[in-house]
Amino acid sequence: MDLAPPPRPRRRPSLTPMIDVVFLLLVFFMLASRFGLDDVLPVPLAGSGAGYSGPPRLVELRPGGLTLNGMATDPAALPAALADLTETPGDTIVLRGAEGTKLQAVVSVATALRQAGFTSVVLVE
């Protein structure tokens with residue numbers, strides 16, 4: 001008569017490898033994450049500010065470049081060209097992105113204008 005060997009007692013799985021994997025994932029996501037504050041770009045929409053006065057100051061961004069009052073302008077020369085059209089740095093500058101323009105281009109121009117000292121940049125659609 002064949003007797004079956006006695007059943008082995010069940011081993012409990014070790015949790016050490018799972019803890020190691022969780023720790024490595026935690027370290028990975030901590031190193032891959034960005035901690036800090038995002039910058040806020042205050043760009044009011046048209047109609048939410050004071051009245052407009054003075055010569056036209058329309059900066060239009062297109063996929064191929066930018067124009068100031070319909071004339072092609074180099075982005076580096078934009079602050080100087082706008083300085084000729086404004087009396088004070090608080091004069092309103094209208095910024096418009098044409099269809100197909102990337103949002104980053106609009107943000108870059110608005111940031112450059114703010115850094116040049118223009119405090120009233122208005123975004124229109």
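Which residue forms a salt bridge with E60, and how far apart are the closest N and O atoms? The partner is R62, at 3.0 Å; a salt bridge here is a side-chain nitrogen of Lys or Arg within 4 Å of a carboxyl oxygen of Asp or Glu. The model is predicted: local features need pLDDT of at least 70, side-chain atom pairs count only at pLDDT 80 or more, and totals for chains, interfaces and linings use all residues. Residues are numbered from 1 along each chain as its sequence is written, and side-chain values use heavy atoms, leaving out hydrogens and water.

**Salt bridges**
- Two salt bridges are found in the whole structure, and E60, R62 and R96 are linked in a network of them.
- R96 and E60 meet at 3.2 Å, N to O.
- R96 lies in strand β4 and E60 in strand β1, so this pair ties together parts 36 residues apart in sequence; strands are DSSP E runs of at least two residues and helices H or I runs of at least four, numbered from the N terminus.
- E60 is buried at 11% relative accessible area, while R62 is partly exposed at 43% (buried is under 20%, exposed over 50%, partly exposed in between; 1.4 Å probe, protein chains only).

**Nonpolar core**
- The largest nonpolar core has 14 residues, and L78, L82 and L113 are among those with the most contacts inside it (such a core is a set of buried Ala, Val, Leu, Ile, Met, Phe, Trp, Tyr and Cys residues joined through side-chain atoms within 4.5 Å).
- Helix α3 supplies the largest share of this core, four residues.
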